[in-house]
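Have a look at the sequence and the 3D view before reading on.

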Amino acid sequence: MEASQVLPGAALREERRWRPSGPFDVVLTLSPHRRGGGDPAWRRTPDGAIWRTSRTPEGPGTLRVTAGGGEVHAQAWGPGAEWLLETLPSLLGADDDVTGFAELLARLARSGDERHARAAAFVAGLAGRAAGLRIGRSLRVFEALVPAVLEQKVVGREAWRAWRFLMRRYGEPAPGPAPEGMFVIPPPEVWRAIPSWDWHRAGAEAVRARTIANAARHAAKLERTTEASTEADRLLRALPGIGVWTSAEVRQRAHGDADAPSVGDFHLPGIVGYALTGRKTDDDGMLDLLEPFRGHRHRVVRLIELSGVRPPARGPRMAPRDYRAF
């Protein structure tokens with residue numbers, strides 16, 4: 001077990017056990033919330049536990065989740081502990097329509113359309129190998145938005161470096177016996193007040209900084225969309241600097257939207273096209289290939305990503321930029 005930090009007064013608040021229906025993999029389900037190595041808000045410890053921090057409507061909280069014997073055991077600390085455990089099933093995909101997905105694949109298989117049937121058989125094979133995957137929803141919109149904006153049009157390592165710097169500088173230590181170095185995301189008003197020089201030190205240029213600061217002004221309105229992904233998409237994309245890709249990335253995590261593919265991703269169309277047809281494609285081609293799976297398009301993309309199927313590399317990787325040197 002990693003070294004841990006125990007804050008004064010952070011005694012164990014709550015525990016809960018939950019039994020999911022059907023196969024369940026806690027790592028596959030919660031890993032989309034991890035933002036690179038050393039994420040201050042997400043950690044997997046050697047004992048197999050997943051630790052995650054969140055700023056809930058009741059305040060900061062730390063969640064520890066383990067799974068075994070068909071059951072999930074969760075512990076939570078901090079003012080947000082009760083909320084974290086109350087919403088645990090949603091986070092772990094209790095609302096995910098996995099049965100509807102299986103029925104969709106069956107319909108495509110017997111549709112008489114050879115292309116659709118072939119794609120459905122391929123995806124069904126991927127789903128069988130990742131049977132424990134659920135699309136969960138964190139119900140925390142701004143918490144998903146900040147790292148998504150930091151990831152706009154940059155390589156992951158650059159975005160994750162900025163996320164770590166800002167979390168460690170402005171977040172608060174995680175309540176309870178969390179692994180050393182875990183922090184809770186600061187509230188929206190703190191993001192609005194971050195000075196330009198700290199954005200620069202983080203390696204985030206002015207455009208992304210302004211996008212996050214402006215979104216922080218509307219955070220309360222965004223949080224009220226947790227039951228309506230379509231409304232969230234409309235509100236998110238009305239904000240300057242937030243387009244279809246960022247909106248999808250937020251809704252996948254905060255709303256559990258299994259039908260929100262990340263259009264505009266540099267690599268994703270090529271991966272999806274190669275997996276389904278053996279040829280790379282563009283965004284329009286990807287959406288055409290995913291159309292038969294409407295209602296579950298993000299789920300299909302996630303399964304393809306987990307499969308490891310990739311087109312042959314034909315060029316150098318994009319190198320991370322460092323705005324701190326500018």
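A residue counts as buried when its relative accessible area is under 20%, as exposed when it is over 50%, and as partly exposed in between, using a 1.4 Å probe and protein chains only. This is a predicted model, in which local features need pLDDT of at least 70 and side-chain atom pairs count only at pLDDT 80 or more, while totals for chains, interfaces and linings use all residues. Residues are numbered from 1 along each chain as its sequence is written, and side-chain values use heavy atoms, with hydrogens and water left out.

Helices (H or I, at least four residues) and strands (E, at least two) are DSSP runs, numbered from the N terminus. A contact means heavy atoms within 4.5 Å. With these terms, two residues can be set side by side:

| Residue | Location | Relative accessible area |
|---|---|---|
| G136 | loop between α5 (114–129) and α6 | 7% |
| N214 | helix α10 (residues 206–217) | 19% |

Which residues does G136 touch, not counting those up to four places away in sequence? They are S90, L91, L92, G93, Q252, R253 and G256. One of these, Q252, is 116 residues from G136 in sequence, yet their C-alpha atoms are 8.2 Å apart in space.

Two strands pair if DSSP finds at least two bridges between them. Strand β3 (residues 42–44) pairs with β4 in the antiparallel sense over 3 bridges, and R44 stands opposite I50 in β4. The hairpin of β3 and β4 has 5 residues between the strands, and there G48 takes a positive phi near 90°. On to the next partner: β4 and strand β5 (residues 59–68) run antiparallel and are joined by 7 bridges. Here I50 stands opposite V65, and a hairpin of 2 residues links β4 to β5.

Is strand β4 (residues 50–56) mostly covered or uncovered? It is mostly covered, as 7 of its 7 residues are buried. In a regular strand, side chains alternate between the two faces of the sheet. On one side of β4 lie I50, R52, S54 and T56, on the other W51, T53 and R55, and all of them are buried.

Why is helix α6 (residues 141–150) described as largely enclosed by the rest of the structure? Because 10 of its 10 residues are buried; among them are V141, F142, E143 and A144.

Helix α7 (residues 156–170) has 15 residues and reaches 21 Å from its first C-alpha to its last. That is close to the expected 21 Å, a span found as 1.5 Å times one less than the number of residues. Its buried residues are E158, A159, R161, A162, W163, L166 and M167, and they pack against α6, β9 (183–184), α8 (188–193), α9 (196–202) and α10.

**The second largest pocket**

On a 1 Å grid over the protein atoms alone, a pocket is an open set of points with protein on both sides within 12 Å along at least five of seven lines, and lining residues have an atom within 4 Å of a point. The second largest pocket has a volume of about 230 Å³, meaning the space filled by probe spheres set on the points. Of its 14 lining residues, V98, F101, A127, A131 and L133 are the closest to its centre. The largest share of the lining, 4 residues, comes from α4.

How values were computed. 1 Å grid on protein atoms, 1.4 Å probe; cavity = no way out; pocket = protein on both sides within 12 Å on 5 of 7 lines; lining within 4 Å.
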